[in-house]
Amino acid sequence: MTRFIVSDTPIAGVKVVERTLISDHRGGLSRLFCAEELAAAGWDKPVMQINHAHTKSSGAIRGMHFQHAPHAEMKLVSCVRGRIWDVAVDLRAGSATFMQWFAQELSASNRLAMLIPQGVAHGFQALEGDCEILYLHSSCYQPDAEDGINPFDPALAINWPVEMTDISEKDHSRAFVDQSFTGITP
């Protein structure tokens, strides 16, 4: 029995993963990760780090983050409390969808996750207060490899669904992409 329904998105490698629910009168269970089953979706690395994030206010934005090679990472992002609008931006040099974005609402109730491949920036906006997100990472956080793009960059034109209420100074002050940016090599 498969525990996941995996759907493609317009961006190669970015997948929407639906966790199937097994339930009875006691409640329910859904699997968050299975290396064997998710290998078919493109997860081909070990889970090296798991992070839990809490976002207090509706409208808060976190992102758009990625790590440079050799610490480039895949992420599997799940919202386990509340609702978020999860966004992936293709930054891979030579990609047919370079600089395009895809977004999906993730929530505790819809049991959806996003698989974000290497070379794709990730961020989200909380659609309600007190959201909790679990991130599975294929690489450990490396401060020297950390980078990001400005979530309000007009070159991306991300259509954030609600008014922004909060953002870190670091994310807000990231530079806009200029025409010389040809992408990253994951």
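A residue is called buried when its relative accessible area is under 20%. By that criterion, buried residues account for 46% of the 186 residues in this predicted model. The protein is built from two helices and 14 strands. Its radius of gyration is 16 Å, which agrees with the value near 16 Å for a compact globule of 186 residues. Along the principal axes, the C-alpha atoms fill a box of roughly 55 × 35 × 30 Å. The accessible surface amounts to about 9100 Å², and carbon and sulfur atoms contribute 51% of that area. Of the contacts between residues at least 6 apart in sequence, 78% join residues at least 24 apart.

The interior may be considered next. In soluble globular proteins, nonpolar side chains tend to be buried together. Here the largest nonpolar core comprises 19 residues, and V14, I84, L106, M114 and I133 have the most contacts inside it. At least two residues of this core come from each of the strands β7 (75-81), β8 (83-90), β9 (101-107), β10 (112-116), β11 (120-126) and β12 (131-137). When neighbours within four places in sequence are left aside, the contacts of M114 include V14, V16, L76, V77, V87, F102 and L106, together with K15, K75, D86 and Q104.

Strand β7 also contains S78. Because its relative accessible area is 3%, S78 is classed as buried. The side chain of S78 makes a polar contact of 3.4 Å with the side chain of R19. Beyond residues up to four places away in sequence, S78 touches R19, L32, L112, A113, E132, I133 and L134.

Charged groups form a further set of interactions. Side chains of opposite charge can pair when their charged atoms come close. D90 and R92 form a salt bridge with an N to O distance of 2.9 Å, and both residues are buried. In the salt bridge between E37 and R31, the closest N and O atoms are 3.7 Å apart; E37 is partly exposed at 21% relative accessibility, as is R31 at 31%.

E146 and K170 form another salt bridge, with the closest N and O atoms 3.0 Å apart. E146 belongs to strand β13 (residues 146-148) and K170 to helix α2 (residues 169-172), so the pair ties together parts that are 24 residues apart in sequence. E146 is partly exposed at 25% relative accessibility, and K170 is partly exposed at 46%. A network of salt bridges links E146, D147, K170, D171 and R174.

How values were computed:
Residues numbered from 1 in each chain as written. Predicted model: local features only at pLDDT ≥ 70, side-chain atom pairs only at ≥ 80, totals over all residues. Heavy atoms only, no water. Core = buried A, V, L, I, M, F, W, Y, C linked by side-chain atoms within 4.5 Å. Buried < 20%, exposed > 50% of the residue type's maximum accessible area, 1.4 Å probe, protein only. Helix = DSSP H or I, 4+ residues; strand = E, 2+ residues; numbered from the N terminus. Contact = heavy atoms within 4.5 Å. Polar contact = N/O pair within 3.5 Å; in protein donor to acceptor, adjacent residues only side chain to side chain. Rg over C-alpha atoms; globule rule 2.2 N^0.38 Å. Areas by Shrake-Rupley, 256 points an atom, 1.4 Å probe, with all protein chains shown as cover. Salt bridge = Lys/Arg side-chain N within 4 Å of Asp/Glu carboxyl O.
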